[in-house]
Amino acid sequence: MSGRVLSVASECVPLVKTGGLADVVGALPGALAATGWEMRVLMPRYRSLLAQSAGWPVVWDEADLWGGPGRVLAGEVAGVRMLLLDAPHLFDRDGGPYSGPLGDHPDNAVRFAALSWVAARIAREGLDGWKPDVLHAHDWQAGLAPAYLAYGGSGGVKSVLTVHNIAFQGWAPAHMLGILRLPGHAFHPDALEYYGGISSLKAGLVTADRITTVSPTYAAELMRPEFGMGLQGVIAARASVVSGILNGVDTGVWSPEAEDPPFGPKAMAGKAAARAALCAEFGLEVPGPLAIVVSRLTDQKGIDLLPAVIPDFVLGGGGLVVLGSGDPTLEGACRTLAARFPGRVATRIGYDEAMSHRLFAGADAVLVPSRFEPCGLTQMYGLRYGALPVVALVGGLADTVIGASPATLAAGVATGVTFHPVDTLGFGQALTQLLALHAQPKLWTRLRSNAMGHPVGWETSAAAYASLYEGLCA
Ligand code: ADP
Ligand code: GLC
């Protein structure tokens, strides 16, 4: 079966990215193409995209989109058919997708309601003869799109909501119900009412035909209080339409054979050269395993555990490079570690895609001590690049890494190190295990080749999305 899908999101690689959501939204259309499903992506035309999309034709307009005109421009970027929602009063401003110099944009509820509203209209009415069979909404920013279809008529279009991170729920005060063009009857605990206000994520969760999240383990975790962040009951009530489909990584972009110097499972000389180059770049000399962290520096990612565990890791011969930005306290803690262990620990605060490639190419291990992780992409880059993942046993990390244990080592299937609970004791023990494994060259080589052979591409997941759409449209 084949069909058409309108994907709606707030970010998409290579146009705008703050995290893995953008990678996934940007990769899905290409991954799905082989299955016969054609996907187009609708996202806002932020200020940073004005020049790039200057000549794109207008394919849709709406005179009053919450205080100003809205238009949709169509174009193609990196092989993906993009629809950009141009509404300068909402999106042509300083800063990133969600915040400006003074913090979160105060009208975020309206900005992303507008995106969702236009998505629902395009899905319902079609665009230039292109009528989707499925509207696929991502996270709270698109959560109202299935709701607008449910409350305003779906025109036969089915909806899917994918939860990439339940921690962000898109809350707005109750008095905005009418402003957001939502009907009075929807303000109900069984619908989109949430703690006395409106949650656009909840609106999507209660109205979408199917709910997916980005790993099977996170799908189960989401129904438990410690991971559901208040929405566990809502999701559990819809368990029969919830599924977990693991993300893939874009193996064209994340390819050790395409790095400089190139390497691969059977030609590891390039990896040794990349490690040496990395040590030179950061002024490091590391006798044991060289670990990296490439991450948003937030509580979710367990970065606060580093100061307690890294000193012993360094004493044991290890080294660390941190590349990330986020919480100023955590940025400071990472800088302090580097200052305390010159020649062994280096920290770069910032966002640098090219540097992240050099890090994965040169590293022996990547550390991902997340408290929760819907899927996680960096552990998969680590697998592919022979940088053994050391991960907390949660969410997608648990679904992608096989921790070394006597049994998995004997069976020859281990691909990394896993730990639980996510605290300094568990993480510290994992790093001790990493040091021990690294000290056994034959075992280490075996582990690394297992990791590099582990499939992390999109094929299986794209087929799973295709069959989800097929099931909906049958
Ligand atoms: P999340 O979306 O929760 O941040 P993921 O692991 O799904 O976590 O995706 C994070 C993405 O952002 C990965 O592609 C990762 O390489 C990238 N990334 C995070 N921080 C940085 C950084 N400082 N520089 C370069 N890339 C980064
Ligand atoms: C979110 C999650 C991350 C996931 C990404 C893409 O940002 O935090 O775990 O990989 O979305 O689905």
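1. A word on conventions. This is a predicted model, in which local features need pLDDT of at least 70, side-chain atom pairs count only at pLDDT 80 or more, and totals for chains, interfaces and linings use all residues. Residues are numbered from 1 along each chain as its sequence is written, chains are lettered from A and ligands numbered from 1 in the order in which they are written, and side-chain values use heavy atoms, leaving out hydrogens and water.

2. Back to the sheet: it is open, with three antiparallel strands in the order β10-β12-β11. Because β10 (171–173) and β11 (193–194) each have a single partner strand, they stand at the edges, with one side of each left without a neighbour in the sheet. Helix α5 (residues 200–207) lies across β11 and β12 and runs at about 60° to β12 (axes are lines fitted to C-alpha atoms, for helices over the stretch in contact; angles run from 0 to 180 degrees between N-to-C directions).

3. The protein is divided into domain 1 (3–248 + 459–473) and domain 2 (256–453), with bounds from an automatic or database domain assignment. Their contact (heavy atoms within 4.5 Å) takes 18 residues from domain 1 and 17 residues from domain 2.

4. Domain 1 and domain 2 bury about 1,300 Å² between them, 62% of it on carbon and sulfur atoms; this is the accessible area (1.4 Å probe) lost on being put together, summed over both parts. In domain 1, Lys17, Thr217 and Leu246 lose the most area to domain 2, together 26% of what that side buries.

5. Which side chains meet in a salt bridge? They are Lys17 and Glu353, at 3.8 Å, N to O (the rule asks for a side-chain nitrogen of Lys or Arg within 4 Å of a carboxyl oxygen of Asp or Glu).

6. Two backbone details deserve a look. The peptide bond from Asp260 to Pro261 is cis, with omega near 0°, and Pro261 lies in the loop between β14 (242–244) and α9 (269–282). Ala78 has a positive phi of about 50° although it is not a glycine.

Technical notes. Two strands pair if DSSP finds at least two bridges between them. Helices (H or I, at least four residues) and strands (E, at least two) are DSSP runs, numbered from the N terminus. Buried area is the accessible area (1.4 Å probe) that two parts lose on being put together, summed over both.
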